[in-house]
Each structure stands twice: as C-alpha cells, then as structure tokens.
Amino acid sequence: MMPTHIQELPIVQLFTRLVTTDRVFVVLCLFSFPTLLGQKLPEVVSQSDFVLGSTYTINSTVLNENRTLNIYFPANYKEQPQKNYPVIYLLDGSKDEDFIHISGLVQFGTFSWINLLPESIVVGIGNTDRKRDFTYPSRNKLDQEEFPTSGKSESFIRFLTNEVIPFVKATFRTEEHSTIIGQSLGGLVATEILFKVPDTFDHYIIVSPSLWWDDEKLLQIEPKSPRSPKKIYVAVGKEGPVMERTANELYKKLRLERAEHTEVFFDFLQNKTHGDALHLAAYNAFEKFYGK
C-alpha cells in the first residue's frame, strides 16, 4: 500500500517523487496513467449475485434450536427432473467453514472430462456449538474444563439420523447412497457414527479425527458390524505424535475388524497439517472410492 503522505500529493509532484524514490513503481504507474487520467471503463451491461446453492433453516426438536443446512445441487438438477442423486453430508458445513471449497471440489470432480465421482448433492450442516455436538461425554477432567458444553453427540447423531436425513430425502431427489465427511472433532463424531450406527452412511471420509478425546476411549470399543457394504477413508497430516498415532490405530482397527464387503483406505498427508488436510483428503478419498 502506498504511504499516505505520497497518496496526498498532486499528480505531477507524485510522479516526480516516485522517480527519485522507486523506479520500478514508476514503471507500474506509467501503465496505470490512462485510468488515472480518466480512461473510459467498460459499460456494465448487467449485474447479478453468484449463487452457489440454497440455504435452509430447519427447526430441530431433538436439539431444541434452529439449524442451517447449506445445499449444493448438481448443474443439471433442475433440467433433469427424473434423475436422483447421491448425497454427501458435510460436517462443519457453514458458509465460512468447509461448504464452499468441498462443493467446489464436488463440482470439479463431476465435470465430464474429470469424472472423479458421480454428480452429487452436498448438504453442509452448519454449526452452532460443534464442541457440544461432536463429542460424547469425557471422563477426562481437562476435556471437561476446556470444553464445558461438550458431551452431546448422542443428541446430534439423533438430529442427523431422525431429522436431517429424512428432511433431505423428502425434499430433494436423492438416491439411497450417501457419504459423510468429518474433520477434527467432526472426524471424532463420524467415527462414533461408524462404530455405533454404521449403516447410517455408505461412505465415510474421516480426516484428522480428534481421537485423543476422553483418553482415546472411542478406540477401545468394538464397532458394530454393518449390514451393507462400506468404504471408509481415514487420513491425517503432519499433526504430531498423538494425532498421527491414533489415526493409524483407527485404520488398523477398521482393517482388522472390518466386515465383509468393507474397504478401508488410509493416507498420511505428510505435507499437510491439521488446518489444511481436508481438501486434499476428500479428493483422494473420492479417487479411492470410485477407482480412478
């Protein structure tokens, strides 16, 4: 940004000052002079908002609050009213969280020349209190102190299975096939769903799961056997010994105890961290799930 004392100079003095202070900047200014001197800009023919999808606010009787669902539709959703679509349920699905970049990835992946995954509806579940919703009760005192509202994942899972999924199925043209994506605490609750009610989804994308929660007790329970085939993808970045070890233990546990027709995949994203692993992980998961 140009210093204020230079910005306030008349144009001739400004040019002279810049000649004596920064020749490179002078060259840039010369290219900008037509605009500075009143060059006519293109006429605006029209303007409209760029809409990525739709936002629905639903009232949850399970959680006793309103919740936001952000919905991305495939490009031909309206033009092909006879077609139904698989659904990707995205935790941390607010507009300022992961909804936009994951929807963009799904759009990119369904281009005909990419053909990474089938055209899909993305349902981003916006947060109100993710620490409350994505954690089961912890007996660890530090967990309780640092996450005072925690421990209500059972209610969130009922909200998801009894309210969100039925609403989506009743409102939009969906197939039975569905995927859940969860990262960090979202990965923790996605793992809990996989262990306790595995047939809720067909595909599970679990990234950087916070399995340290409650002294890693979730890893000690025996997962229920699903009735239908599953594909499960687990990934972790360069996130420290505990995160990396527990993600590996989850993968090994799933491999050891997997039911028939269940496929399990693992990625160690050594060039990614806890903050940026999700996008690449989701892309890799789609490649593994759909065999490209």
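Which residues in α4 meet which residues in α11? I began my notebook with that one, keeping in mind that this is a predicted model.

**Entry: α4 and α11**

I found His101, Ile102, Leu105, Val106 and Phe108 on the α4 side, and they meet Leu278, His279, Ala282, Tyr283 and Phe286 in α11. Sorting the residues of this contact by class, I got eight nonpolar, two polar and no charged.

Next I looked up the geometry. Helix α4 covers residues 99–109 and helix α11 covers residues 277–290; their axes come within 10 Å and cross at roughly 30 degrees. Angles under 35 degrees count as roughly parallel, so I noted α4 and α11 as roughly parallel to each other. The crossing of α4 past α11 is right-handed.

**Entry: the span of α10**

I then turned to helix α10, residues 241–257. Its 17 residues should span 24 Å at 1.5 Å a residue, and I found the end C-alpha atoms 24 Å apart, which agrees.

**Entry: what α10 packs against**

I listed the buried residues of α10 as Met243, Glu244, Thr246, Ala247, Leu250, Lys253 and Leu254. Among the elements they pack against are α8 (185–196), β7 (230–237) and β8 (262–269).

**Entry: α8 and α10**

The axes of α8 and α10 come within 13 Å and cross at roughly 15 degrees, which makes α8 roughly parallel to α10. Here the crossing is left-handed. Thr191, Leu194 and Phe195 of α8 make the contact with Leu250, Lys253 and Leu254 of α10. By class, I noted four nonpolar, one polar and one charged residues in the contact of α8 with α10.

Notes: Residues are numbered from 1 along each chain as its sequence is written. This is a predicted model: local features need pLDDT of at least 70, side-chain atom pairs count only at pLDDT 80 or more; totals for chains, interfaces and linings use all residues. Side-chain values use heavy atoms; hydrogens and water are left out. Helices (H or I, at least four residues) and strands (E, at least two) are DSSP runs, numbered from the N terminus. The expected span of a helix is 1.5 Å times one less than its number of residues. Buried means under 20% relative accessible area, exposed over 50%, partly exposed in between (1.4 Å probe, protein chains only). Contact means heavy atoms within 4.5 Å. Axes are lines fitted to C-alpha atoms, for helices over the stretch in contact, and angles run from 0 to 180 degrees between N-to-C directions. Angles under 35 degrees count as roughly parallel, over 145 as roughly antiparallel, 65 to 115 as roughly perpendicular and the rest as oblique. A crossing is left-handed if the near helix is turned anticlockwise from the far one by less than a right angle, and right-handed if clockwise. Ala, Val, Leu, Ile, Met, Phe, Trp, Tyr, Cys and Pro count as nonpolar, Asp, Glu, Lys and Arg as charged, and the others, Gly among them, as polar.
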